[in-house]
Amino acid sequence: MGFLRRRREPGISVVVPAYGVEAYLPACLDSLLAQTWTAWEAVVVDDGSPDSSGEIADSYAARDPRIRVVHVENGGLGSARNVGAAHAGSELLTFLDSDDVLPPSALATLVGTLVESGSDFVTGSIVRWESDGLHEPPWMRRLHPRALGLRVADRPEILGDVFAWNKVFRRSFWDAADLGWPEGIRYEDQPTTTRAFMSGTFDVVPDIVYHWRIRDDGSSITQQRSSLRDLTDRWETKRMSYAAVRAGRDATVESVFVDRVLAGDLWRYFLEIPGASDEWWALLRDGVREFWGEHSLVHSGLPPVHRLCGWLVEQGRRADAAALMTWAAALTGPAPQTTDAAGRHLDVPREVLELSGVDAAALALRDFEIR
């Protein structure tokens with residue numbers, strides 16, 4: 001009687017940059033040890049961490065030969081990821097932030113999909129790990145219905161999946177596309193993931209493959225949006241990403257990227273307007289005008305109240321934008337709806353239009369849609 005030959009398991013290198021994460025690194029590395037896909041190696045990059053992160057990583061390496069530690073001077077997240085990738089020796093490559101964890105089947109799901117498809121990389125959905133539990137962002141769920149062998153033109157909105165760590169890449173593709181992480185800048189994920197989507201074939205799976213820890217101690221860079229450095233870096237990484245999309249010369253992909261992806265996180269910055277410095281406000285206004293000055297954010301995929309705020313920013317109307325965002329921040333649910341004289345529903349409540357000094361007939365009914 002014959003027998004079934006066991007299919008070879010491709011190896012995967014997991015790059016884990018570590019800086020100031022002594023409270024989180026054990027859980028991160030434990031989640032690797034618990035993976036059902038066992039053909040992995042981990043390259044932990046101690047990025048000059050001032051705490052005991054390096055020592056913790058060394059202790060795990062002493063316990064499991066699949067874990068290696070590289071100690072370097074501090075160079076930032078992008079640099080640490082690049083160092084780790086340079087030391088990675090497997091045919092597949094992925095990245096894991098040291099304050100997050102992988103569910104046990106994450107690598108098996110992602111690697112198994114690539115084995116099935118032969119694509120250049122694969123991406124899965126994620127959950128935010130918050131103080132009250134795990135939550136899958138609705139937009140991530142929407143972006144990740146299962147599909148294999150896609151090109152970006154097949155699903156342009158996937159460009160909104162900007163995360164470094166919910167993907168597995170073939171190393172041959174990573175090198176051929178000359179991929180790497182920008183260094184010395186925040187939000188380095190988006191330029192690289194955008195270039196990957198624009199360059200290769202990819203698979204999408206709906207499975208939860210990553211638990212993204214949301215810190216509530218203010219230490220996350222995503223909790224520092226009111227700083228000039230944060231906004232400067234955000235605009236620069238948007239420029240880099242937009243350049244990659246324009247190089248693809250696909251008008252439909254570019255339109256979706258500008259209106260739905262590039263604009264997608266602006267509302268978080270709009271909420272900072274009421275307490276912002278003059279310099280920060282000027283930087284916000286100039287960036288909005290740079291990317292949407294001719295097209296206008298009123299045509300974007302932002303929620304209606306934030307489209308209105310974007311229009312006010314474009315017009316340089318700081319006081320009105322601040323009043324609008326103060327009103328929005330006080331809401332405990334969706335913005336209330338109202339109707340016009342003809343009984344048509346307005347996406348933007350009339351009280352908001354009045355608050356912002358916008359003529360409903362001249363602007364809102366034309367640009368903010370009637371439902």
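Which helix does T232 lie in? T232 lies in helix α8, residues 228-247. This is a predicted model, in which local features need pLDDT of at least 70 and side-chain atom pairs count only at pLDDT 80 or more, while totals for chains, interfaces and linings use all residues. Residues are numbered from 1 along each chain as its sequence is written, and side-chain values use heavy atoms, with hydrogens and water left out.

**Whole chain**

- The chain has 15 helices and 11 strands, taken as DSSP runs (helices H or I, at least four residues; strands E, at least two) and numbered from the N terminus.
- Of its 371 residues, 52% count as buried, meaning under 20% relative accessible area with a 1.4 Å probe, protein chains only.
- The accessible surface of the chain is about 16,300 Å², and carbon and sulfur atoms hold 50% of that area; the areas come from the Shrake-Rupley method with a 1.4 Å probe.

**Strands β2 and β3**

- Strands β2 (residues 40-47) and β3 (residues 67-72) run parallel and are joined by six bridges; strands pair if DSSP finds at least two bridges between them.
- V44 has V69 in β3 as its bridge partner.
- Together with helix α2 (residues 53-63), β2 and β3 make a right-handed β-α-β unit: with the strands pointing away from the viewer, the path from the first strand over the helix to the second runs clockwise.

**Residue T232**

- T232 counts as partly exposed because its relative accessibility is 38%, and that class lies between the 20% and 50% limits.
- The side chain of T232 reaches the backbone oxygen of L228 at 2.8 Å.
- The C-alpha atoms of T232 and G287 are separated by 9.1 Å, with the two residues 55 apart along the chain.

Conventions. Polar contact = N/O pair within 3.5 Å; in protein donor to acceptor, adjacent residues only side chain to side chain.
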